[in-house]
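Welcome! Take a moment to look over the sequence and the structure below, and then we can walk through some of the features together.

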Amino acid sequence: MTSVIAKKTRGEAAVATVPLFVYGATGMLGGELLRLLELHPAFAPTAVSRKAGSLAESQPHVQGATAFTNVEAAETELAAALERGPAAVALSLPHGESGEFVKRLRASLGAKFDELVLVDLAADFRLADPELYRATYKHAHPCVDELSGFAYGLPEFHRARIASSRRTAAAGCFATALQLAVVPAARAGLLDVNVPWILHGVTGSSGSGAEPKPGTHHPYRHGNLWAYSLDGHRHEAELAQALGGASTKPAKLHFVAHSGPFTRGIHLTCALPLARPLATAEARAVYAQCFAGEPFVEVLEAGVPDLRRIAGSNRAALGLNVRGDVLTVLCTLDNLVKGGAGQALQCLNLMFGFPETWGLPRSGLGVA
Ligand SMILES: NC(=O)c1ccc[n+]([C@@H]2O[C@H](COP(=O)([O-])OP(=O)(O)OC[C@H]3O[C@@H](n4cnc5c(N)ncnc54)[C@H](OP(=O)(O)O)[C@@H]3O)[C@@H](O)[C@H]2O)c1
């Protein structure tokens with residue numbers, strides 16, 4: 001954790017104190033992070049891109065920064081900022097590229113790199129085992145030397161480690177929903193580990209990034225639904241890592257993802273086999289206790305979580321039901337906020353010792 005104390009709080013005159021360089025600023029999460037940062041009382045963002053030009057062209061919703069800083073200029077500015085005091089970087093880049101940029105920053109900043117606070121929004125530093133990374137992402141890990149320095153960025157389960165780190169790998173979008181939905185029951189020993197756990201998730205088109213692709217083209221996506229990664233979704237590895245030992249991990253995790261006809265949000269349905277008879281109220285009490293005091297996790301007393309409830313917010317909503325020997329856990333969250341940029345900002349707040357909720361909306365948009 002750095003020793004920086006923000007000099008302003010909500011309501012006081014706006015003087016930002018910590019430079020934050022957002023790489024991949026033309027991207028989907030880059031744009032979302034820049035949006036959230038407008039209301040952050042301590043971070044002063046710089047939008048870093050490989051492209052030149054006006055921020056308004058690719059991120060017309062963002063006010064504040066007006067142009068991109070290119071990667072070379074950002075390194076010079078970052079070095080100067082670190083001479084003056086604390087500074088931070090958020091890497092919102094494709095997996096594989098993030099690791100390359102971490103190496104590049106270490107080379108260009110020298111000893112000052114160790115003082116930099118960095119959050120990676122890609123997958124490069126989420127899995128502790130580089131061989132598991134290779135098997136999951138089908139290429140060698142780009143930056144093994146830095147791997148052990150990264151905390152896993154899911155504050156609800158790793159708050160202390162994040163707060164004492166200068167490097168965090170923000171958890172993946174589906175991976176966040178999967179862990180919030182499954183880990184409490186697994187840790188409480190409620191689940192039968194001898195049979196597969198069937199997990200089913202639907203994501204909006206913003207999960208596919210800003211570049212137009214056949215799968216995000218409106219006429220094909222709208223009014224349509226399809227499954228993908230039937231042979232295993234990458235985020236299963238993050239859930240397996242979180243579940244740890246044999247007593248909490250099933251013989252088989254079976255997660256199937258779907259592309260849904262909406263822009264923001266993830267809807268997850270987990271059919272979890274129970275190890276013993278359980279009432280819905282008892283299951284709900286386990287989750288309520290696990291997330292007691294969490295500002296961004298809501299365990300519903302009744303009913304089901306939907307996308308409208310969470311779109312635009314940094315909240316995840318959980319709904320539970322027991323029928324026979326199956327615990328159904330539903331989870332909704334916004335992939336761009338709690339599943340992406342909001343999570344990264346929550347981690348940055350922790351690393352700087354700021355209130356964890358700064359810059360993060362608890363209320364959603366109402367409509368998405
Ligand atoms: N979208 C989501 O819901 C979501 C949620 C959680 C995590 N993530 C992860 O977060 C990262 C960013 O996701 P995104 O959806 O924002 O992706 P995106 O829209 O494709 O944006 C990524 C940005 O990275 C930069 N970039 C692209 N290719 C690059 C390359 N070869 N070298 C260097 N920079 C390159 C580009 O920005 P410039 O041209 O401006 O440099 C691009 O706009 C990904 O790793 C993704 O898996 C995404």
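## Around the ligand

Which helix gives the most to the shell around the ligand? In this predicted model, that helix is H1, with three residues. H1 covers 28–37, and together with helix H12 (337–352) it belongs to the helices that each supply at least two residues of the shell.

There are 28 residues around the ligand, and those that come nearest are Gly24, Gly27, Ser49, Ala122 and Gly209. Sorted by class, the shell holds 14 polar, ten nonpolar and four charged residues. Both domain 1 (18–149) and domain 2 (174–337) contribute to the shell, with at least three residues from each.

## The largest nonpolar core

Now turn to the largest nonpolar core, which has 103 residues; Ala90 and Leu318 touch the most other members. Helix H7 (residues 173–187) gives the most to this core, with eleven residues. Domain 1 (18–149) and domain 2 (174–337) each provide at least three of the core's residues.

## Leu318 and its strands

Where does Leu318 sit? Val299 stands opposite Leu318, which is in strand E13. Beyond its neighbours within four places in sequence, Leu318 has contacts that include Leu180, Ala181, Tyr287 and Cys331.

E13 (residues 316–323) runs parallel to strand E12 (residues 297–299), and three bridges join them. With strand E14 (residues 326–333), E13 pairs in the antiparallel sense over eight bridges; here Ala317 stands opposite Thr332 in E14. E13 and E14 form a hairpin with two residues between them, and Gly324 in the turn has a positive phi of about 60°.

Terms used:
Residues numbered from 1 in each chain as written. Predicted model: local features only at pLDDT ≥ 70, side-chain atom pairs only at ≥ 80, totals over all residues. Near = placed C-beta within 6 Å. Helix = DSSP H or I, 4+ residues; strand = E, 2+ residues; numbered from the N terminus. Nonpolar A, V, L, I, M, F, W, Y, C, P; charged D, E, K, R; others polar. Domains from an automatic or database assignment. Core = buried A, V, L, I, M, F, W, Y, C linked by C-beta atoms within 7 Å. Buried ≥ 20, exposed ≤ 12 C-beta atoms within 10 Å, placed from the backbone. Contact = placed C-beta atoms within 7 Å. Pairing = 2+ DSSP bridges.
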